[in-house]
Amino acid sequence: MNQADRYAQLKETIQYHADRYYNQDNPEITDREYDELMMELRALEQEHPEFITPDSPSQRVGGSAKREAGVLVRHNVPMLSLQDVFSKEEVTEFVTDMQQQLENPEFVVEYKIDGLSLVLRYEDGLLKLAETRGDGINFGEDVTANAKVIKDVKKKLKEPLAYLEIRGEVYMTNEDFQKVNERQELAGKRTFANPRNCAAGTLRQLDTAVTKERGLSMFVFNIQQERGGAFETHTQGYEYLIRQGVRVIDDYRVCHTAQEVWDAICAIGENRGNLPYDIDGAVVKLNRIADRELLGATSKVPRWAVAYKYPPEEKTARILDIEVSVGRTGRITPTAVFEPVRLCGTSVSRATLHNQDFIDQLDVGIGDYVKVYKSGEIIPKIREVLKDRREPGVRRYQLPDTCPVCGTKTIREKDTADIRCPSPSCPSQVERRIINFVSRDAMDIKGFGTVYVEELVRRGFLKDIADIFVLKNHRSTLIEEGIIGKEKNTDKLLDAIEGAKTRDACQLLTGFGIPNVGKAAAKAVMKQFGTIERLSQASQEQLVEVQDIGEVSAGCIRSFFEDAANQKMLERLRAEGVNMARIGQEGESECLKGKTFVITGTLPGMDRKKAAELIEKNGGKVSGSVSKKTSFLLAGENAGSKLAKADELGVQVLSEQQLLEMIKG
């Protein structure tokens, strides 16, 4: 691949991951991996300035502004990002550069909180507006109502100024994050991946009661603009804010030399594991406001500050055991259990080893010493085995050739690294199949939590999916033994099960948990065949004719319906009156069939989710990124990089009105 092609590929990849991080609050890669992509992009731009275009990720700030929690508002002061540095040499270079340009500059070193940027505007001491970062340059979202229920946000200042605009980071402590996820799990809802994602989603909530319940926090890290205070330094501003009861960044330090700055960065790095919240680096900024104004900013970053990013934290641990679990499809997963180590503020003692190929690649065994880290400072992983510390007798681990739950001989899936238990009656598989079946993405049986499923399987009430719908026959026993609770709770769950009989067959098919057949594939298949009966009789050739169904998915569907145990289960579901037909939506059509859409920007009459549902309802497909296969780009306000990409590839751009006319036509 030549450098121009690599540059184009990097742009598209970075734009995709930036959208996942800033706009969807659901990143797929770690901060470190994203930083490495950006460094490679900037290196190519330095070598080939002719590559740089206005839509380059290096020329943009933040994500796009949305209207989910409120109206769009124009920034008074751009909410810029910071230039990242990764080494002592780069830090020293920044300090030296400042010393050459300024007279005896002072530096403030402080935590870089991992949260969501928020600006608060006060007029005569009263909070008037709270806005998110949005696109960083022009617009953010008005989230004033939600900001007012954050405990650290002051609605009134003791020493009012004519005007004060402060910027901070909304975050969630590890303790509050854990509480939120526990509530989500008990309610049968999806848990959040990390505190930042949870904080970002919470701040954009339409219901302020939810925002208040989740317990957001906020640190202020800068005075953006003020009239009436005349602060000469950043720290003077902090002293004023502290007097008002405003929380500013903990433990900030004033430094004068490169070594003092580096020592402060190292001290933060050593302490970050003890903090009750996540940080993703340390910020070095000039203290004197006059120095900042003299240097100014580029279109993307201020020239008077940098953010130091720490390398991923690693600890050495000894493998005490390797546990083996059986998943919903029978897949056997090994998990390393090691001496507890503290990483990124939490105690870690387990990490997945994925499969036998991964174990062989690491050459890991029980008793080995390993390097452990957290991917994205969230997911524990093993980086390497310390071979020089391997003790005599320690050997590479081999997965058992029989299922650890039911004793059935295991098999290795063709052309994969997966080893699985082939027995459909394996209790571990039964539990996970039923948990999947009752989940929100499938049959959505409210109140049917994991604890109930495990207990009902253990006591023999549930041996397959069909047993769910005959639990009503055991009502008196369930109440007597208190498995689900007393009479009220038991009847509530039984009513929810009865109501699930009328669900769309798309949900039923999703609930079967057929490998390689998720929600989207289930919808496409049921739209084609209409009923489970007709689908069960479809040939491999007929299945692969369905959009997005390939040979592998088709083979999995055929295997499911050819299995004698599954045929018996389907007969029992029919006998219990479970709906086996697709329920058509009013107004659906095939007018967009074969067309792939990408949605970007803020649409005037609907949000992106509604637009995607409308497109799919009329036979179209929605993708996340623009490519040569894209038929149309549906674009609203602040369309950004996807619009530039569509122009580059010659993809037709539609407005919301044009889409509606296309469907009507």
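Predicted model: local features only at pLDDT ≥ 70, side-chain atom pairs only at ≥ 80, totals over all residues.
Residues are numbered from 1 along each chain as its sequence is written, and side-chain values use heavy atoms, with hydrogens and water left out.

**Entry 1: ring pairs**

I searched the whole structure and got 13 aromatic pairs. Rings of Phe, Tyr and Trp (its six-membered ring) pair if their centres lie within 6.5 Å; planes under 30 degrees apart count as stacked, over 60 as edge-to-face and the rest as tilted. Y111 and Y277 have ring centres 6.4 Å apart and planes at 65°, so I put them down as edge-to-face. Y111 sits in strand β3 (residues 107-113) and Y277 in the loop between α9 and β10 (279-286), 166 residues apart. Helices (H or I, at least four residues) and strands (E, at least two) are DSSP runs, numbered from the N terminus. Buried or exposed? Y111 and Y277 are both buried.

Back to F512 and F560: this pair is stacked, 5.0 Å centre to centre with 25° between the planes. F512 is in the loop between α16 (505-511) and α17 (519-529) and F560 is in helix α20 (residues 551-562), so the pair ties together parts 48 residues apart in sequence.

I also found that ring pairs link Y111, Y171, F219 and Y277 into a cluster.

**Entry 2: charges over rings**

I looked for a charge over a ring (NZ of Lys or CZ of Arg within 6 Å of the ring centre and within 35 degrees of the ring normal). R292 lies over the face of W304, 4.2 Å from the ring centre. R389 does this with Y369, at 3.9 Å.

**Entry 3: strand β11**

Which residues cover the faces of β11 (residues 305-308)? A305 and A307 are on one side, V306 and Y308 on the other, and all are buried. I then checked its partners (two strands pair if DSSP finds at least two bridges between them). β2 (residues 83-85) pairs with β11 in the parallel sense over three bridges, and V85 stands opposite Y308. β10 and β11 run antiparallel, joined by four bridges, and V284 has V306 as its bridge partner.

Terms used:
Buried < 20%, exposed > 50% of the residue type's maximum accessible area, 1.4 Å probe, protein only.
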